[in-house]
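Could you walk me through this structure, one feature at a time? I would like to learn how each kind of feature is read.

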Amino acid sequence: MLQRCLADGSFWFYPRVLCPHCGSSEFEWSEVSGNGAVYSTTVIRREVEEGGDHNVILVDITKGPG
């Protein structure tokens, strides 16, 4: 699910209260296909006390931001 602006139709990620393209506060949560191309992956290493390791991935989603 990604946020989609009802004023200009753009998608965005990360969740926000205003459209980063036009400033509208009118948006909906829209289901995306889940299809796309993975361009890069990495693991951020952190101590367990700091939340532990987590994965970061760069994906170009077929339907969505781009």
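Q: What should I know about the model and its numbering?
A: This is a predicted model, in which local features need pLDDT of at least 70 and side-chain atom pairs count only at pLDDT 80 or more, while totals for chains, interfaces and linings use all residues. Residues are numbered from 1 along each chain as its sequence is written, and side-chain values use heavy atoms, with hydrogens and water left out.

Q: Is glutamine 3 buried or exposed?
A: A residue is called buried under 20% relative accessible area, exposed over 50% and partly exposed in between, using a 1.4 Å probe and protein chains only. Glutamine 3 has 3% relative accessibility and therefore counts as buried; its place is in strand β1 (residues 2-5), where strands are DSSP runs of E with at least two residues, numbered from the N terminus.

Q: Which side chain does the side chain of glutamine 3 join in a polar contact?
A: A polar contact is a pair of N or O atoms within 3.5 Å; within protein, one must be able to donate a hydrogen and the other to accept it, and residues adjacent in sequence count only if both atoms are side-chain atoms. The side chain of glutamine 3 makes such a contact with that of tryptophan 12 at 2.6 Å, and the glutamine 3 side chain also reaches the backbone nitrogen of arginine 16 at 2.8 Å.

Q: How many aromatic pairs are there?
A: A pair of aromatic rings is described by the distance of the centres and the angle of the planes. Rings of Phe, Tyr and Trp (its six-membered ring) pair if their centres lie within 6.5 Å, and planes under 30 degrees apart count as stacked, over 60 as edge-to-face and the rest as tilted. By this rule there is one aromatic pair: the rings of tryptophan 12 and phenylalanine 27 have centres 5.9 Å apart and planes at 70°, so the pair is edge-to-face. Tryptophan 12 lies in strand β2 (residues 11-12) and phenylalanine 27 in strand β3 (residues 27-30), 15 residues apart, and the pair thus links distant parts of the chain. Tryptophan 12 is buried at 4% relative accessibility, whereas phenylalanine 27 is partly exposed at 27%.

Q: Where is asparagine 55, and what is its relative accessible area?
A: Asparagine 55 is in strand β5 (residues 54-61), and its relative accessible area of 64% makes it exposed. Asparagine 55 and threonine 42 are 13 residues apart in sequence, with their C-alpha atoms 5.9 Å apart in space.

Conventions
Helices (H or I, at least four residues) and strands (E, at least two) are DSSP runs, numbered from the N terminus.
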